[in-house]
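I opened my notebook and went through this structure entry by entry. Here is what I looked up.

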Amino acid sequence: GGGVQARIQDVAMRLWQIYVGLTAVCCAGLMALGMSFLDAICHTLGAVSTGGFSTRNESVAAFGSLGIDLWLTLFMVLSDRDDPGRLRLPEEDLSTG
């Protein structure tokens with residue numbers, strides 16, 4: 001039970017978990033590829049939430065790293081996906097009539 005409000009809360013919590021998970025993994029990967037924490041978190045937040053803004057005028061090309069380019073591209077694609085399958089939501093009819 002719990003109805004629609006409980007389901008909305010469940011979906012919101014799952015979206016939060018996905019966002020935090022993507023953010024943590026992306027940031028850790030960028031640091032492993034040689035970025036400072038500040039650059040890594042700024043580029044992660046740009047890639048995961050807004051699709052690619054950078055703190056550098058040359059964008060990620062300033063780092064001269066194919067690995068960083070590919071890592072950020074992967075997380076931009078993962079963050080852009082908009083399918084309910086990621087949420088593992090049950091298929092149920094919420095109509096009242």
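This is a predicted model: local features need pLDDT of at least 70, side-chain atom pairs count only at pLDDT 80 or more; totals for chains, interfaces and linings use all residues.

**Entry: aromatic pairs**

I searched for aromatic pairs and found 2 in the structure. I looked up the pair of W71 and F75. The centres of their rings lie 5.0 Å apart. Their planes stand at 50°, so I wrote this pair down as tilted. For that word I needed the cut-offs: planes under 30 degrees apart are stacked, over 60 edge-to-face, and the rest tilted.

Where do W71 and F75 sit relative to each other in helix α3? They are 4 residues apart there, so about one helical turn separates them.

W71 has a relative accessible area of 25%, so I noted it as partly exposed. F75 has a relative accessibility of 4% and counts as buried. The limit I used for buried is under 20%.

**Entry: the chain as a whole**

I stepped back to the protein chain. I counted 3 helices and 0 strands. From the N terminus on, the order reads α-α-α. The chain has 97 residues, and 23% of them count as buried.

I also looked at contacts between residues at least 6 apart in sequence. Of these, 57% join residues at least 24 apart.

**Entry: α1 against α3**

How do the axes of α1 and α3 cross? Helix α1 covers residues 3-32, and helix α3 covers residues 66-80. Their axes come within 10 Å and cross at roughly 175°. An angle over 145 counts as roughly antiparallel. Therefore I wrote down α1 and α3 as roughly antiparallel to each other.

I then listed who makes the contact. From α1 come L22, V25, C26, G29 and L30. From α3 come I68, W71, L72, F75, L78 and S79. So both rings of my tilted pair, W71 and F75, turn up in this list. I sorted the contact residues by kind: 9 are nonpolar, 2 are polar and none is charged.

**Entry: α2 against α3**

Helix α2 spans residues 37-50. Its axis lies 7 Å from that of α3, and the two pack at an angle of about 40°. On the α2 side I found H43, A47 and V48. On the α3 side I found L72, F75, M76 and S79. This contact holds 5 nonpolar residues, 2 polar ones and no charged ones.

I compared the two lists. F75 is in the contact of α3 with α1, and F75 is also in the contact with α2.

**Entry: T23**

I found T23 in helix α1. Is T23 buried or exposed? Its relative accessible area is 12%, so T23 is buried. What does the side chain of T23 reach? It comes to 2.7 Å from the backbone oxygen of Y19. Leaving out residues up to four places away in sequence, T23 touches I41, T44, L45 and V48.

**Entry: L45**

L45 is in helix α2. At 36% relative accessibility, L45 counts as partly exposed. Beyond its neighbours within four places in sequence, L45 is in contact with Y19, T23 and T50. I also took a C-alpha distance from the model. L45 and A24 are 21 residues apart along the chain, and their C-alpha atoms are 10.0 Å apart.

**Entry: D39**

D39 is also in helix α2. D39 has a relative accessible area of 12%, so I marked it as buried. Which residues does D39 contact, leaving aside neighbours within four places in sequence? I found T55, R56 and F63.

**Entry: S59**

My last stop was S59, in the loop between α2 and α3. S59 is not a glycine, yet its phi is positive, at about 60°. Its relative accessibility is 29%, so S59 counts as partly exposed.

Methods:
Residues are numbered from 1 along each chain as its sequence is written. Side-chain values use heavy atoms; hydrogens and water are left out. Axes are lines fitted to C-alpha atoms, for helices over the stretch in contact, and angles run from 0 to 180 degrees between N-to-C directions. Angles under 35 degrees count as roughly parallel, over 145 as roughly antiparallel, 65 to 115 as roughly perpendicular and the rest as oblique. Contact means heavy atoms within 4.5 Å. Ala, Val, Leu, Ile, Met, Phe, Trp, Tyr, Cys and Pro count as nonpolar, Asp, Glu, Lys and Arg as charged, and the others, Gly among them, as polar. Buried means under 20% relative accessible area, exposed over 50%, partly exposed in between (1.4 Å probe, protein chains only). A polar contact is a pair of N or O atoms within 3.5 Å; within protein, one must be able to donate a hydrogen and the other to accept it, and residues adjacent in sequence count only if both atoms are side-chain atoms. Rings of Phe, Tyr and Trp (its six-membered ring) pair if their centres lie within 6.5 Å; planes under 30 degrees apart count as stacked, over 60 as edge-to-face and the rest as tilted.
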